[in-house]
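Reader: Can you walk me through this one? I'd like the plain version.
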Protein chains: 2
Amino acid sequence: MKRATIKDIASQLGVSPSTVSRALNDHPDISDKVKEEVRQVAQALNYHVNLTAVNLRNNRSGLIALIIPEITMFFFPSLIKGIEDVVSANGYQLLVLQSQNALAGEVANLRVCADLSIDGILISLSAQTKDLDHLQELEAAAVPIVLFDKSIEQTQFDQVMIDDEEAAYQCVSYLIKAGATKICAVLGDQQLQMSQLRHQGFQRAMVEANLLSNGPNSTYIIHAKSQDQCTSLVIDWLGNYEVDAFFCMSDELSAGVYAAINTTTGDNKHKPKVIGISDGHLPSILSPNLDHYRHSGYELGHLAAERLILRLKAGRKQTIAPETLILEGQLVVG
Amino acid sequence: MKRATIKDIASQLGVSPSTVSRALNDHPDISDKVKEEVRQVAQALNYHVNLTAVNLRNNRSGLIALIIPEITMFFFPSLIKGIEDVVSANGYQLLVLQSQNALAGEVANLRVCADLSIDGILISLSAQTKDLDHLQELEAAAVPIVLFDKSIEQTQFDQVMIDDEEAAYQCVSYLIKAGATKICAVLGDQQLQMSQLRHQGFQRAMVEANLLSNGPNSTYIIHAKSQDQCTSLVIDWLGNYEVDAFFCMSDELSAGVYAAINTTTGDNKHKPKVIGISDGHLPSILSPNLDHYRHSGYELGHLAAERLILRLKAGRKQTIAPETLILEGQLVVG
DNA sequence: AACGGTACCGCAAACGATTGCGGAAACGTT
DNA sequence: AACGTTTCCGCAATCGTTTGCGGTACCGTT
């Protein structure tokens with residue numbers, strides 16, 4: 001059975017398609033009698049508007065694209081949920097695209113967005129992305145764009161972030177207060193601005209405590225791009241160096257460090273403390289529970305999506321200045 | 001700057017839109033000279049085909065919908081990745097919809113699919129879903145549908161599953177071989193067919209080992225709908241009963257049980273063994289590593305998506321009989 | 001009876017792309 | 001020179017919906 005169209009209803013009732021369209025949209029020009037009849041027949045034929053046609057006419061798609069480096073079990077599920085809730089509550093649908101953490105992938109994703117007449121874009125940048133040239137085409141087409149989580153230095157677009165430097169600072173300060181002096185920072189891809197900022201927070205806390213009197217010590221900095229790589233790096237590292245505590249900038253790395261510690265140190269030996277930055281899901285799974293600076297992935301997604309919806313509702317009539325929204329977090333320890 | 005259309009190219013070159021369209025699609029009726037000119041201008045104007053228009057004409061959307069109960073950090077990320085890889089490799093885009101584990105949500109999601117002229121559907125059923133009436137409209141519209149992971153007894157559609165009964169059986173058999181006699185099964189939502197099947201596998205192993213000589217013992221069956229609920233239930237339970245081992249039917253529950261055990265039993269007390277069914281990500285994070293029956297979420301997604309693509313490529317010319325594909329898994333222990 | 005107003009509905013164009021059909025050149029063949 | 005082929009391109013319809021503009025009744029008023 002083919003889908004019923006507006007014409008089917010029209011011919012069945014002996015009226016014009018225009019009338020049917022207006023009736024279904026409750027246009028005042030149409031009498032209540034006709035409206036009722038149209039609704040009846042529509043129901044009977046199981047009519048549903050063809051969104052593709054509507055989209056063509058209105059030059060919109062009802063779709064919002066989410067572009068992320070890669071879906072992992074950490075952080076992204078709650079983030080996606082936060083986004084999805086807002087998006088679908090506002091009548092949009094969510095298209096999930098992965099850049100594979102590569103600039104080329106990001107460009108390809110944006111190409112798809114343009115081709116599909118995507119109405120709005122939420123994007124977390126890949127580690128390779130150093131500028132926003134590839135966003136300009138969409139920007140020129142007046143497609144609202146909100147950056148979140150992983151970004152670069154910029155003021156052209158809205159962005160929703162956490163205070164990376166401060167989060168790291170708080171984590172490391174806590175470790176120091178707890179008595180740690182030999183602290184190793186486990187960071188992500190060196191190219192990521194996020195890694196650099198969290199590194200800076202680490203440094204600030206260390207300097208403040210006079211623990212880097214000989215200048216930065218690269219021995220106590222580990223960069224890893226994946227959980228597995230992190231585990232093996234840390235296992236090696238633990239064979240060569242002494243450490244009181246680890247600061248891990250992400251869930252992946254916290255998990256990697258835990259695994260390394262579990263395979264390296266026996267049950268009775270003294271284990272190094274670990275603190276991380278997390279949305280709180282992983283910490284409750286790990287044993288002992290991971291101390292962490294918590295920022296909700298759900299809220300981050302929620303906030304970013306709401307900002308996008310705000311722009312979509314405003315349309316191109318109002319111009320809203322790009323803003324950087326900082327999501328608060330807090331230390332969860334003990 | 002508005003998007004360039006085919007007409008813009010046409011008027012710039014003084015040819016008709018038809019010619020431009022054919023030139024861009026490399027139609028043999030168009031001379032090489034014109035083709036080249038069209039391509040030049042298209043490039044210059046940064047022309048890109050409007051997929052909405054194409055979709056309207058072809059009555060397709062290039063979209064594949066993934067409908068799942070809810071995105072959690074367990075299992076779904078790898079699943080989505082497996083699906084996304086196949087889908088995008090075949091020129092489709094993935095729409096992620098969540099049913100909130102409710103039938104009403106599922107119906108709403110399918111409504112969206114119909115309205116958007118979705119080309120194919122991958123669906124994992126909600127716990128509430130007892131029949132497939134709501135799939136019939138899409139089925140009638142010749143939209144390929146593949147069920148996966150969570151399904152019900154049916155033969156109308158393709159489905160990609162693991163052998164739930166056998167997986168549970170193997171887990172519990174292993175526990176028994178390892179010396180356990182008092183084994184508690186931690187299962188998910190009682191309404192889920194998956195829960196029932198895995199329960200059956202549990203029973204089979206127990207009966208086979210003569211551990212249920214007094215008939216089924218409901219004391220050693222726990223049903224939980226979330227990780228947190230599981231944790232609190234198991235904490236209570238551990239206060240009242242003795243147990244050698246837990247069999248957890250999912251990652252959520254394994255994590256919940258681990259948390260319960262960690263809060264209940266001290267370091268030196270004897271801890272119950274735990275085995276689960278998992279894609280292997282969580283087990284490597286938990287300490288001690290979780291024994292489990294492993295089935296790859298990535299492969300499951302991959303397989304389901306490929307089955308869908310197969311049907312999409314076949315079109316409605318060939319009729320392919322619905323099939324149930326079983327993904328193999330294996331015990332990972334020790 | 002003539003006129004202004006309102007209520008209600010249809011015509012046709014538009015969104016952007018595709019395609020069957022037809023037609024005008026240009027070519028080759030006898 | 002007449003005819004058949006090929007080459008190449010345009011016309012117009014189509015997908016399903018929306019909407020500006022206009023038009024016809026019918027109403028009440030003077």
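This is a predicted model: local features need pLDDT of at least 70, side-chain atom pairs count only at pLDDT 80 or more; totals for chains, interfaces and linings use all residues.

Reader: OK. By what turn can chain B be laid on chain A?
Author: A turn of 180° with a shift of 0.0 Å along the axis, giving an RMSD of 0.1 Å (least squares on the C-alpha atoms of residues with pLDDT of at least 70 in both). The two copies are therefore related as by a two-fold rotation axis. The same surface serves both: 100% of the contact residues of chain B recur in chain A (contact means heavy atoms within 4.5 Å).

Reader: How many residues are in the largest nonpolar core?
Author: It has 150 residues, and Leu122(A), Phe246(A) and Phe247(A) are among those with the most contacts inside it. Such a core is a set of buried Ala, Val, Leu, Ile, Met, Phe, Trp, Tyr and Cys residues joined through side-chain atoms within 4.5 Å; buried is under 20% relative accessible area, exposed over 50%, partly exposed in between (1.4 Å probe, protein chains only).

Reader: Which helix gives the most to it?
Author: Helix H8 (residues 164-177) of chain A, with eight residues. Helices (H or I, at least four residues) and strands (E, at least two) are DSSP runs, numbered from the N terminus.

Reader: And the sheet, what's the strand order?
Author: S7-S6-S8-S9-S10-S12 in chain A, an open sheet with mixed pairing. Two strands pair if DSSP finds at least two bridges between them. S10(A) and S12(A) pair in the antiparallel sense over three bridges, and His292(A) stands opposite Val332(A) in S12(A).

Reader: Which strands does H8(A) touch?
Author: H8(A) packs on S6, S8, S9, S10 and S12 of chain A, at about 160° to S9(A). Axes are lines fitted to C-alpha atoms, for helices over the stretch in contact, and angles run from 0 to 180 degrees between N-to-C directions.

Reader: Is Cys113(B) buried or exposed?
Author: Cys113(B) is buried, with a relative accessible area of 1%.

How values were computed. Residues are numbered from 1 along each chain as its sequence is written. Chains are lettered from A and ligands numbered from 1 in the order in which they are written. Side-chain values use heavy atoms; hydrogens and water are left out.
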